[in-house]
Structure formats: C-alpha cells, structure tokens
Amino acid sequence: MALAIVYSRASVGIDAPLISVEVHLSNGLPGFNLVGLPEASVREAKDRVRSALLNSGFEFPAKRITVNLAPADLPKEGGRFDLAIAIGIIAATLGLPQTQLDPLELAGELALSGEIRAIKGALPLAYASSKANRTIVLPTENAAEASLIKQASILPAKQLLEVFHHISGQHQLPLYTAQVSQTTPEYSQDLQDVVGQESGKRALEIAAAGGHNTLFTGPPGTGKTMLASRLITILPPMSDEQALATAAIHSIVGKPVDPQTWKHRVFRHPHHTSSAVALVGGGSIPRPGEISLAHNGVLFLDELPEFDRKVLDVLREPLESGSVSISRAARQAEFPARFQLVAAMNPSPTGSLTDGRCSSEQILRYLNRISGPFLDRIDLQVDVPKLASNEFSEQASHRGENSQTVRQRVITAHNIQLTRAGKSNAHLGSKDVQTYCQLSAPNQQFLQHAVDKLGLSLRTYHRVLKVSRTIADLAQSTDIQKQHIAEALNYRAFDRMLARLTNN
C-alpha cells in the first residue's frame, strides 16, 4: 500500500480553500478513480495526467489508483489540480517522504507533454498559501501575478519534471523575485480634453473627492461620455489592499493582472443590452459580473433609459452594501462590488427637450424607465448643455485645469474624510451623517425648504448633506456653509426636469 498527500487550493468566489489531494495506490485491477465532488474538467484530469507522466519519462503505475480531493463536499472545477495529482502519483509510486510534500502547495494544468499551463485565480491562491506559511508552486505564466502578494513564496515551473526534481532534491526551483510597480498611475486621457462644460468638470471633482454616484443629462454630443471616462484620472490612488482586491476579482475570471499597471483604476462600460446576470454576476458556477469587475473603479452606464428597468433595479442593493451575494441551488458566493456609478442619458427620446418632436407625456414615459429608488441612489445629477458655436471656439483655447491639478485637490479632500470618519463621504451611514454633517439652524431651514419644494426623499436628503460635506472638504471648511448646500442642491438637474414636466 502506498499513500501520498499533496496540497492544492480550490477557487470559491475570491477565496481559495485548501484541498488535500490524497493519492492511494493498491493492488487489484488497474484503474484510476477520482472522487471528492469533481466537475467534468477535473474528471478529465485522468487522461491529462496519464499522458503527462508518460511523456515526462515516468511510468504510469499498473495499479488501482484512487485520488480523493478533500474536503469531499466542496465542488472542484478546472485543471488546477492536475499538477498536484501527478506529483501525488509519483510520490506514492516512488515512496517519497511526506515531509518533502508538506511545505508545498501545487497548482497548474498539465499539457499532454508534461508542460504546466497557466490557471485562473492565482492571486487568491498565493494569498491563501502565504497565510498558511507554505511555498506555492505555480505555472511560470502566473508567477508575476501572484507576486503582488508580497509575503508569498513562489516557485515558478514550466515542466512537471522540474517540479519532481525540486521535491526530490535533485535541482531546486528558484524563488520568484517580484517586480511590482509602486508608481502613481498615469492615464492617456485628461480633463483638458473636454472643451467647456466647467460645471460638469466641477461635478466630477466633487464625485471623485467624495465617491459619489453621478448622472449626466444632456443632448447628444455635449461631452457626457468624455467627462465620465475622465473620472478615473482624478480619483485618489488606491491602497495596496484595494488594488489587491480588484486584482483578485480579475484573476478569478482569467483576466491577466499586470504588476506594472495593477494600481490603475478600472473603467467598465457595459452595453445597454446587458442582462442582470452580466451586471451583478451569476451562472450555475457563480462568476462575478460587471459591478464586481468595477470594484474600486468606475462603472459607466451610457444611454441609461435604454437599460431594462429590472436590470437597473438589481444594482440598488450593491450600490448600498458594496457587495453582492449570488445564491444557487448547489453553491453560493459573495463578491465585493464597491464601485462608483457614472451614468449618462439624453433628456428625451429625440435627444432634446426643445426640438418640439416629443410631447411632455412621451418625455415622461421615457424618463420613467428609470425607477425612483434607483435615482435616489445617485448623488449628483448634472446638466450637460449644448455649447453654442461661438462658445465652442472661444473655450477651445481655454481648456481649464488638467487632471493632475484637480487630482491634488481631490486627494486632499479625500484624506480629510479618511481622517475624520475613516471612509469617503458617500459611504457615511445615517449615524455618521448626524455626526459629521451637522448644520446650523438657518442652514437646516434653508435645506428643508429646498427639499420640500423639490419633493426629495429622506434618502436624497441625506445624499445632499453628504455632497455638501464633500464640497466643504474641497474648500477645507470645517463646517458646512450655505453656499456648500446651495451648490449641492444645484446638482439635482433630473429632479428639477421631472418637476417641470409634471407641472406642465
């Protein structure tokens, strides 16, 4: 009887639970049994491992082989267990001491030639193995990505034979030396690319400083998309923890993570025909959707009323909680989704309120495709008007401030918020609002009168307070002043448009 235990890791959401690959060789009719709730791609490992062993110069044992992937109640998928199974068979056949296997965790898909191919989810795997104080053996293609975990001990390998030589002590694999960029991200786009639209740029600055969700409303061709795409150029830098969380999500879906650009904010721009599953995630094996891929970045929804209303409404809970839980009959997964929403839309089906082609009823029907509860979660509603031809030529030579200048003010205001509450203003809870967004009696009366006139909800009232707090932070003011509240109320363009159409 021969037994070997090799350690690997599965992929469940953004976690990588430990899997013990137990290989038992016994006398009897030759066979290869793989147990432990393997998916189809894992069951196919039997043929890959057999060919990889033979083509690497090993004999495939003519015995009864039982491979158990423990714990047995955790579903396993993908080809990541191939390397661990192959090494387990070799160790059980040759009688390698278990002490040579215990310090290592192995993950990699085997080609029929014995070459080790890249896998998905190397980053969460490296993080989990470092927490367990084990060295991880990974495909060479995954080493750079896994090196984002500074404390991880990584051994990159290209061939099955190299891993065997390392375990048997014949030739040691070299530890991977990380080459991770810590420089400030640079973007090709800049705020100066946008001609005019100073109110839109000011709204972007407020949104970046406080993490506020934003809606741009205006006719086609006024620069709504240009403004939205430049938000990432003025956002404060991500911490290492935030950047790793974002990189981990991209890792588990198989998107390469570049150590040189890993701290760049993500800008996701799904088409308006996207389904609810595409946005929030799902599938029989839960996968992250666009909102999780935009974690710590920007999710831009262009042509907002063209999205299905039910699709938009599934974003309401993640916008509040910063995460999304996906439950299926067989398994559940939770993914982070702390994204900043930026949306753009035309004010009418024809693109203009004043072209005379739509009645008030048609315009209201178009605008009502967006539910009230969804709009309540948008802090800034910004009007992006069409520039007259003479204004365009005049402002083309005066582009305003560049992104770097604005970004410095944003970082200063953001640091004020972190020092005061430990979070951005957009993420303040109701108790935090009472503590950090207090108003004087005259200012409270001024805001209450405006709320009553516009018919705003309590949630919107709190959001106006948060925006006012951010504007005060940009001005480095300790207290919220009347001019800060007035500017915050000015960014309710959609509410005013609805009120005007309803009263006509």
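This is a predicted model: local features need pLDDT of at least 70, side-chain atom pairs count only at pLDDT 80 or more; totals for chains, interfaces and linings use all residues.

Glu105 lies in strand β5, which spans residues 104-106. With a relative accessible area of 0%, Glu105 is buried, since the term applies to values under 20%.

The two helices considered next can be read with one general principle in mind. An α-helix has 3.6 residues a turn, so residues three or four places apart point the same way.

Helix α2 comprises residues 45-55, and its buried residues are Ala45, Arg48, Val49, Ala52 and Leu53. These residues lie on the same side of α2 because they cover an arc of only 125 degrees around the axis. The other side of α2 carries Asp47 and Asn55, both of which are exposed. Elements covering the buried residues of α2 include the helices α1 (40-43), α3 (82-94) and α6 (160-167), together with strand β6 (109-110). Just after α2, Gly57 adopts a positive phi of about 95 degrees.

Helix α21, formed by residues 482-490, has His484, Ile485, Ala488 and Leu489 as its buried residues. Their arc around the axis is only 135 degrees, and therefore they sit on the same side of α21.

How values were computed: Residues are numbered from 1 along each chain as its sequence is written. Side-chain values use heavy atoms; hydrogens and water are left out. Helices (H or I, at least four residues) and strands (E, at least two) are DSSP runs, numbered from the N terminus. Buried means under 20% relative accessible area, exposed over 50%, partly exposed in between (1.4 Å probe, protein chains only). The arc is that of the directions from the helix axis to the C-beta atoms. Contact means heavy atoms within 4.5 Å.
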